[in-house]
Amino acid sequence: MADPAQRVVSLSPGATELLFSAGASAKVVAVSAWSDYPAEAADLPQVGDSNRLDLEAIVSLAPDLVVAWVDGNSRSQLERLSDLGIPVFWLAPRTFDDIAMAVSDLALLTGSPDLGNERAEAFRAEMATLKAQYADARPVKVFYQIWDQPLMTVNREELISKAITLCGGVNVFGELPRLVPRISREAVLEANPEAIITAGSSDDRQWLEAWREFPSLAAIAAGNLFLEPPDLLARPTLRMADGARHLCQTLEQARANL
C-alpha cells in the first residue's frame, strides 16, 4: 500500500485488539463478532464471524484494508474481496515475536509506525524478562484444559503452551500432533500432571473440581487446581504478556505446593 489505510475492517477479535494496540482505533470502521476488547471495539458495527462474513456489508463500508485471521476466516470469501480490489492482510501469530511483528506491521499499514514499534518492543522486553526470571525454575508438569466435553488441550505449538514453557512448566500433552487435540480422562491420569489449569470465570471452576474424583493425581494431592483469567492467554495479542505473567505466578504457587 502506497498510503496508510484510512478505513479498516477487522475480521477477528484478535485482529481487532492488535489494530487498537497498533494505534489504528480511529480507522477501524467495523469488526467481527466477539470483538469485545478494548471496550470501545464493542460499539463498532459487526460484519459477521468466522463462520460467515457479510461481504455486502464489508464492501459497502468501502474499506481500504481488511485484516483477516488465517485460522479463522474463509479464504474463498476473502478472495472475493481481493478480486474487488480490497487489500487483505492475513495474520497468523504462532510465536511471541509474531505478535510483536503483527503490531508493527499493522501500525505501518495504518500510519503509526513509531507507536507500533514502541509497543512491540515493550512486549518483547516483557516476555524476555519473564523468560530470564523463570529460566532455572523447577519444572512443573502441567495439563492445560481448554474444554471439558470433549476433553481438549493444546500441544507445544500453541501459544498457551509456549507460555507454560516460558514459565518453567512442561506441557504433558505437548508432543501430540494436533494443535488442539482431544484427549481422554485416562490419558490425563497416565500423564499424572502436577498442576491442572484452565481459564475462565468462577462458573468454570467445575471443570477443575471434577478432577477431585481422582485423588491419586499429583495435582490433586498437591492442591494444584488453578483458574486463569479468561482471554489473557486465549488471544495472541499484547495482553499475552499479562497472561504469561499471571501464569508464571500460578506455577510458582504450584511449585510451593509440591
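Predicted model: local features only at pLDDT ≥ 70, side-chain atom pairs only at ≥ 80, totals over all residues.
Local features need pLDDT of at least 70 and side-chain atom pairs count only at pLDDT 80 or more, while totals for chains, interfaces and linings use all residues. Residues are numbered from 1 along each chain as its sequence is written, and side-chain values use heavy atoms, with hydrogens and water left out.

**Exercise 1.** State how many residues the largest nonpolar core has, and which elements supply it.

Solution. 
- Step 1. A nonpolar core is a set of buried Ala, Val, Leu, Ile, Met, Phe, Trp, Tyr and Cys residues joined through side-chain atoms within 4.5 Å; buried means under 20% relative accessible area, exposed over 50%, partly exposed in between (1.4 Å probe, protein chains only).
- Step 2. The largest such core has 51 residues, and L18, V67, L91, F96, F123 and M127 have the most contacts inside it.
- Step 3. At least two residues each come from α1 (13-21), β3 (65-69), α4 (96-110), α5 (113-133), β5 (140-145), α6 (159-166), β7 (195-199) and α10 (240-257). Helices (H or I, at least four residues) and strands (E, at least two) are DSSP runs, numbered from the N terminus.
- Step 4. The largest share, eight residues, is that of α4.
- Step 5. Another core lies apart from this one, with 15 residues, including V29, A30, A68 and I86.

**Exercise 2.** Give the strand order of the open sheet and describe the helices against it.

Solution. 
- Step 1. Two strands pair if DSSP finds at least two bridges between them. The four strands have the order β6-β5-β7-β8, with parallel pairing.
- Step 2. β6 (169-171) and β8 (225-228) are the edge strands, each pairing on one side only.
- Step 3. From one strand to the next, the twist averages 35°; axes are lines fitted to C-alpha atoms, for helices over the stretch in contact, and angles run from 0 to 180 degrees between N-to-C directions.
- Step 4. β7 and β8 are joined by four bridges, and I196 is opposite L225 in β8.
- Step 5. α6 lies across β5 and β6, at about 145° to β6. α10 touches β5, β6, β7 and β8, and its direction makes about 170° with that of β8. Contact means heavy atoms within 4.5 Å.

**Exercise 3.** Explain why D148 counts as buried, and list its partners.

Solution. 
- Step 1. D148 sits in the loop between β5 and α6.
- Step 2. D148 counts as buried because its relative accessibility is 16%.
- Step 3. The side chains of D148 and Q145 are joined by a polar contact of 3.2 Å (a pair of N or O atoms within 3.5 Å; within protein, one must be able to donate a hydrogen and the other to accept it, and residues adjacent in sequence count only if both atoms are side-chain atoms).
- Step 4. Leaving aside neighbours within four places in sequence, D148 is in contact with R185 and W207.
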